[in-house]
Amino acid sequence: MPAVTETIDAVHSVTNSTYKYGFETDIDMDFAPKGLNEDIVRFISAKKGEPEWLLEWRLKAFALWKTMAEPRWAAVKFPPIDYQDAYYYAAPKKKDGPKSLDEVDPELLRTYEKLGIPLKEQAILAGVEGAGESPAEGRMPVAVDAVFDSVSVATTFKGRLEKEGIIFCSISEAVRNHPELVRQYLGTVVPQGDNFYAALNSAVFTDGSFVYIPKGVRCPMELSTYFRINAKSTGQFERTLIIADAGAHVSYLEGCTAPMRDENQLHAAVVELVALDDATIKYSTVQNWYPGDENGKGGIYNFVTKRGACRGARSKISWTQVETGSSITWKYPSCILQGDDSVGEFYSVAITNNWQQADTGTKMFHIGKNTRSTIISKGISAGQGQNTYRGLVKISPKASGARNFTQCDSLLIGDKCGAHTVPYIENRCMTAKVEHEATTSRIAEDQLFYCRQRGLSEEDAVGLIVNGFCREVLKELPMEFAVEAQKLLQISLEGSVG
Amino acid sequence: MLKIEGLTAEVEGKEILKGIDLEVPTGEIHAIMGPNGSGKSTLSYVLSGREGYEITGGSATFNGQDLLAMEPEERAAAGLFLAFQYPVELPGVGNANFLRTALNAIRRGKGEPELDAMQFLKLARERMKALSMPEDMLKRGVNVGFSGGEKKRNEVLQMALLNPSLAILDETDSGLDIDALKIVAEGVNAMRGPNFSSLVITHYQRLLDYIVPDRVHVLMNGRIVQSGGPELAKQLEAGGYNSVQAA
């Protein structure tokens, strides 16, 4: 329809201009030499002062990685990555480890400020040790473990969390201070040899977050990590481990933005969650890595392994993700439902605009009795974007009474993008019940016109319609994230109307 | 005042409007009647700026502004409102959110302060009461799962909130039972005044029993073939459109 083409062109002329978070901080980096070999793995481990067992663990991962090949089954295309042409260790220059934000490089803090990270809130900033106890009125407290490039530089709210016996720190700190916990759980949900990128991460991970919520404790605030890639050609290999002991509850937020880049950057994170009896972990992500320019140049490769184990009875793990960034997303946050009556949830919004590609979804493994899972996936494709939902629901013979509900909706904007749905269902249990629903639709011309006739600009109309489309997922996000996510959806689709 | 002169328009290469001349002075309500395919809906879409309609000649101005040169949202801000024949569903978009977003967009356009959620709710509840609309319609998705009558009432609610100076009602009476018809008519009549004008497009005379127009125009085959007072509508009802053609 010519009218639609016209609209698309109009949108193109308006959009595509600005990635609002593109800037680079100038901080002296302490690089390891380029390339990847056993010496680099040893260098990283030594640099972080790790115990022997962890070095061995890394070396085993590296040995496994060397025998593996990149997975090529995802519906994404990219040129071969030269893993020897990248730095595997880059960190801000060390000044004996910051004990408070005063010791943090002010350049970093300014960077956060530009990003609008809550860290800039002075009450909370000052509250590294104590002031964070009285957050600004009317706001839910948020504890932040900020990961800048590869090393955590600031952690707030520590005092209040410690009172509850909660451990929330960088994983390097956890290795030093709580080695028994790290050793007990690290790699038990995502083993070193799980997949190519997980093996790479296991060998060279530099930092990430560690959370332990003790028995029966309900974490009094949202825990949050902001990621940011900052050094040229530095792949970032975050490793996050969250353990909720019996009866514990925790909600964890992860959000990221990255500076403008010309060359592709690899990001291969691993997140492991463990929920014991009656424990609940809610993990929310707003992913806004640099997506590349309107010609598909640059952008982050986001190859992430996220998995949670519901080990205990009646435990629950809930993933919510809003994926708007990265040039390529390869990500399947999954749940292993081992405990009887355990619950897994996956709520996802994935946007691909311009030349972005996303192959994302989830895996739900039903092992325990009466395990339940819910999958709600909303894919939005615009420009030349390609968006694939890929999911697996696997029900073992012992998982009697297991239930799954899956809903995959795709929204197309324009006529050059693609939406694909690849659901796998493997059911080996007679009493299990599996439901799958899927729809594909477009933003209709009559919807846009209806909104514009009521006075809304075309961009606002698209934002409104897209947010309506994603409502079931957005309402799962914690309040402070939901607002950010709604804005992000609109920014991501600027100029893509059709 | 709405002034249309020699307006011609095509849809996909086919000429639908073949030279419309029409003036609706401020403060008046005019009815446009005509058989199916005469160009009634095309006229309302052309005036409101929908894509897919090519203007091939003529002009349309509203209070001196060139309507045809404006974006749809600019026409809305200038006070033009179209009540849709088939109101569109917006899944997941809350009706209250939509109404407030629209209202504030229009208010911004007029340079008036925006309403916050509380001010908006107060105003919306008042207007809904007048239209016998249940309050839960604010919470539901825009027109999603609404009955035909509810959708039309929702259009009239939007009109009441946005307070346009020119309302085009595109067969708003179609699919309405007599009670809903009265409610819609009351909604329009309540807006009647020296600063409000309306173009009521309808197939049947029935609606005009409740919204008594100042003038009636008969649109046939892309042209206005006859104009007159309210009695013209009654004549059409009795003799059918053929009686006009014969005249």
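This is a predicted model: local features need pLDDT of at least 70, side-chain atom pairs count only at pLDDT 80 or more; totals for chains, interfaces and linings use all residues.
User: Within chain A, is strand 12 buried or exposed?

Analyst: Strand 12 of chain A spans residues 316-323. One side holds A:Lys316, A:Ser318, A:Thr320 and A:Val322, and the other holds A:Ile317, A:Trp319, A:Gln321 and A:Glu323. Both of these faces are covered.

User: Which residue is the bridge partner of A:Thr320 in strand 15 of chain A?

Analyst: Strand 10 (residues 280-288) is joined to strand 12 by 8 bridges and runs parallel to it, with A:Thr285 partnered by A:Gln321. Strand 15 (residues 343-352) is also joined to strand 12 by 8 bridges, again in parallel. There, A:Thr320 has as its bridge partner A:Tyr347.

User: How many C-beta neighbours does A:Leu273 have inside 10 Å?

Analyst: A:Leu273 lies in strand 9 (residues 270-275) of chain A. Leaving out residues up to four places away in sequence, A:Leu273 touches A:Val189, A:Ile242, A:Ile281, A:Tyr283, A:Gly308, A:Ala309 and A:Ile317. A:Leu273 counts as buried, and its number of C-beta neighbours inside 10 Å is 31.

User: What distance separates the C-alpha atoms of A:Leu273 and A:Ile242?

Analyst: A:Ile242 is among the residues that A:Leu273 touches. The two are 31 residues apart along the chain, and their C-alpha atoms are separated by 4.8 Å.

User: Which helix of chain B gives the most to the side that touches chain A?

Analyst: The contact draws 19 residues from chain A and 22 residues from chain B. On the chain B side, helix 2 (72-77), strand 7 (90-94) and helix 3 (95-110) each supply at least two residues. By class, that side has 13 nonpolar, 6 polar and 3 charged residues. The most, 6 residues, come from helix 3.

User: Why is helix 5 of chain B described as largely enclosed, and how many of its residues are buried?

Analyst: Helix 5 of chain B has 15 residues and reaches 21 Å from its first C-alpha to its last, close to the 21 Å expected. Its buried residues, including B:Val156, B:Leu157 and B:Met159, pack against strand 6 (80-83), helix 3, helix 4 (117-130), strand 9 (166-170) and helix 6 of chain B. The helix is largely enclosed by the rest of the structure because the number of buried residues, out of 15, is 11.

User: How does helix 5 of chain B pack with helix 6 of chain B, and what is the angle?

Analyst: Helix 5 (residues 148-162) and helix 6 (residues 178-191) of chain B have axes 10 Å apart. Helix 5 brings B:Gly149, B:Lys152, B:Arg153, B:Val156, B:Met159 and B:Ala160 to the contact, and helix 6 brings B:Ala180, B:Ile183, B:Val184 and B:Gly187. That contact has 6 nonpolar, 2 polar and 2 charged residues. Angles under 35 degrees count as roughly parallel, which is why these two helices are described that way, at an angle of about 10°.

User: Which strands stand at the edges of the 4-stranded open sheet of chain B?

Analyst: The order of this antiparallel sheet is 2-1-4-5. Strand 4 (residues 54-62) is joined to strand 5 by 2 bridges, and B:Phe62 stands opposite B:Gln65. Each edge strand has a single partner, so one side of each is left without a neighbour in the sheet: these are strand 2 (14-24) and strand 5 (65-66).

Technical notes:
Residues are numbered from 1 along each chain as its sequence is written. Chains are lettered from A and ligands numbered from 1 in the order in which they are written. Two residues are in contact if their C-beta atoms, placed from the backbone, lie within 7 Å. Ala, Val, Leu, Ile, Met, Phe, Trp, Tyr, Cys and Pro count as nonpolar, Asp, Glu, Lys and Arg as charged, and the others, Gly among them, as polar. A residue is buried if 20 or more other C-beta atoms lie within 10 Å of its own, exposed if 12 or fewer, and partly exposed in between; C-beta atoms are placed from the backbone. Two strands pair if DSSP finds at least two bridges between them. Axes are lines fitted to C-alpha atoms, for helices over the stretch in contact, and angles run from 0 to 180 degrees between N-to-C directions. Angles under 35 degrees count as roughly parallel, over 145 as roughly antiparallel, 65 to 115 as roughly perpendicular and the rest as oblique. The expected span of a helix is 1.5 Å times one less than its number of residues.
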